[in-house]
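Try each one before reading its solution.

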Amino acid sequence: DKEDDGWYTAVAFNSAGTVATRCKLTVVPVLKKAEPPQRLVVAKSKRTAEFKKEEVTAISKFGEEAVDEEDLYDKTRKQRPVFRTKISPVNLEGMGRAHFECRLVPIGDPNMKVEWLNNGQPIEAANRLQYVNEFGFVSMDYLVAYPRDTGTISCRAVNQHGEAETS
């Protein structure tokens, strides 16, 4: 992010003394044309040094949208899951971060179960994955995506009234 621009200092110290180094970080945004929204492609390489460090981030405007009262959970109505948006496209060259997000209603359904899939198979929890499911915003982040993560990423939501899936 451009807001990370600036001077950074690292200081190390122990009983023998102190040493410091300083560097300037300039973030240059790279815009790329996205692949179809359902694909996560990670290039394979034998040498880690050859990987390009890129981060593709989908910009969310969910916070700016007004919430329709019909989208809120109401225990007196039979509301099946509905995805209001589809998963944003991600294409990586080499290892890096990958972000997937979508908007899901009814908001606040205590019985809603959300599951992320890769090629139709559940994605197992791992330290390199982060999940959010709050106020209709559902996301999954690969902090580091590897070539083995290549595939069709889907999000499935299930409640007692139905099921929905987006990819």
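A nonpolar core is a set of buried Ala, Val, Leu, Ile, Met, Phe, Trp, Tyr and Cys residues joined through side-chain atoms within 4.5 Å. Keep in mind that this is a predicted model.

**Exercise 1.** Find the residues that touch the most other members of the largest nonpolar core, and trace the contacts of Met140.

Solution. Start with the core, which has 20 residues. Phe100, Trp116, Met140 and Tyr142 touch the most other members. Next, look at the elements: strand 6 (96-105), strand 10 (137-145) and strand 11 (151-159) each give two or more residues to this core. Finally, set aside the neighbours of Met140 within four places in sequence; its contacts then include Phe100, Trp116, Leu129 and Ile153.

**Exercise 2.** Decide whether Asp71 and Arg84, which form a salt bridge, are buried or partly exposed.

Solution. First, locate the bridge: N and O lie 2.6 Å apart. Asp71 sits in the loop between strand 4 (54-56) and strand 5 (82-83), and Arg84 in the loop between strand 5 and strand 6, 13 residues apart. Then apply the cut-off: buried means under 20% relative accessible area. Asp71 has 4%, so Asp71 is buried. Arg84, at 44%, counts as partly exposed.

**Exercise 3.** Which residues are linked with Arg156 in a network of salt bridges?

Solution. The network links Arg156 with Glu115, Glu163 and Glu165. In the bridge between Arg156 and Glu165, the closest N and O atoms are 3.2 Å apart.

Note on methods:
Residues numbered from 1 in each chain as written. Predicted model: local features only at pLDDT ≥ 70, side-chain atom pairs only at ≥ 80, totals over all residues. Heavy atoms only, no water. Buried < 20%, exposed > 50% of the residue type's maximum accessible area, 1.4 Å probe, protein only. Helix = DSSP H or I, 4+ residues; strand = E, 2+ residues; numbered from the N terminus. Contact = heavy atoms within 4.5 Å. Salt bridge = Lys/Arg side-chain N within 4 Å of Asp/Glu carboxyl O.
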